[in-house]
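Work through these exercises with the structure open beside you. Try each task before you read its solution.

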Amino acid sequence: MKITCSSSQAESYQSLPPMMINTATMFLLPLLMLLFPSASSFGTTQQKKCVVKVCHNKDCCKKGGGENLLSTFRDLVPSDNNQLTIESTGCLSQCGKGPNVCVVKNGSDEKMYYDIKDALDASAVLDVATPEAEYPIELLVAASNIHQAEHTASPAKKEELMTSIVTDLSKNSNPALMNSYAMFHALTIRADARLDTNNIDEAIEDARLASKIFPSEGKVWRILASAEEQR
């Protein structure tokens, strides 16, 4: 857009007192920034969000993908990471190579990852896809132990594994770890295990702690309701 003015207008502007010009500029700049927001970020580098899409098609689910793999990715991410979104998706058309994951950066840059089965695989995907981000080793250990617990039948063993996670993530009072999905996940699994051994009061305590981390997760409220019924 080109703006022109006559020579008489230019002379009038030049004859204005400096204070009046500065005042006009002070009010006009915020308006221009609202009208043209991209101008305010000129010369700065803005981080783009990355989306990790985990296939929930039945073939990938049978191989260990789906909801379990989605949770594993979430377990690996500290709560202060706001540049990464993890979500489920439909078939990625590579069923023979599954479980499959698609990473989308900058809204259109897509890359596929195949045969992603456990926390180590998921961690490698995140390291390659988002090298600028930090993923604490404590969360990798937590995700691996959670994966082990989900394949363990013994409630006592589950409680033991989850207690080690809760202890490790609480050790340094780091909010990014204490409020992570891994902490929430460990507390809900331990609450379930404690329900199975009739340790109702401690199960309720775990569920209440988990609800403070992710109050929108329905699973924790179902555990609380079940615990209250068994009390």
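**Exercise 1. Decide whether arginine 194 is buried or exposed, and list what surrounds it.**

Step 1. Take the relative accessible area of arginine 194, which is 9%. Buried means under 20%, exposed over 50%, and partly exposed in between, using a 1.4 Å probe and protein chains only. Arginine 194 is therefore buried.

Step 2. Helices (H or I, at least four residues) and strands (E, at least two) are DSSP runs, numbered from the N terminus.

Step 3. List the contacts, meaning heavy atoms within 4.5 Å. With neighbours within four places in sequence left aside, arginine 194 touches Glu159, Thr163, Asn199, Glu202, Ala203 and Asp206.

Step 4. Look for a polar contact. That is a pair of N or O atoms within 3.5 Å; within protein, one must be able to donate a hydrogen and the other to accept it, and residues adjacent in sequence count only if both atoms are side-chain atoms. The side chains of arginine 194 and glutamate 202 make one at 3.3 Å.

A note on the model: it is predicted, so local features need pLDDT of at least 70 and side-chain atom pairs pLDDT 80 or more, while totals for chains, interfaces and linings use all residues. Residues are numbered from 1 along each chain as its sequence is written, and side-chain values use heavy atoms, without hydrogens or water.

**Exercise 2. Describe how α8 and α7 pack against α10.**

Step 1. Two packed helices are described by the angle between their axes and the distance between the axes. Axes are lines fitted to C-alpha atoms, for helices over the stretch in contact, and angles run from 0 to 180 degrees between N-to-C directions.

Step 2. Start with α8 (residues 155–170). Its angle to α10 is about 150°, and the axes are 8 Å apart. That makes α8 roughly antiparallel to α10. Angles under 35 degrees count as roughly parallel, over 145 as roughly antiparallel, 65 to 115 as roughly perpendicular and the rest as oblique. The contact includes Glu159 and Thr163 of α8 and Arg194 of α10.

Step 3. Turn to α7 (residues 137–149). α7 and α10 pack at about 30°, with axes 10 Å apart. They are therefore roughly parallel. Leu139, Ala142 and Ile146 of α7 meet Ala182, His185, Ala186 and Ile189 of α10.

**Exercise 3. Work out the strand order of the sheet and find its edges.**

Step 1. Read the order. The open sheet has 4 strands, β2-β1-β3-β4, with mixed pairing.

Step 2. Find the edges. β2 (84–89) and β4 (109–113) each have a single partner strand, so one side of each lacks a neighbour in the sheet. Neighbouring strands are turned by 20° against each other on average, direction ignored.

Step 3. Check one pair. β1 (residues 50–55) and β2 are parallel over 6 bridges; two strands pair if DSSP finds at least two bridges between them. Valine 54 faces serine 88 in β2.

Step 4. α5 (residues 67–75) lies across β1, β2 and β3 (101–105), at about 175° to β2.

**Exercise 4. Is serine 123 buried or exposed?**

Step 1. Find serine 123 in helix α6, residues 119–129.

Step 2. Its relative accessible area is 13%, so serine 123 is buried.

Step 3. Beyond its neighbours within four places in sequence, serine 123 is in contact with Leu76 and Leu140.
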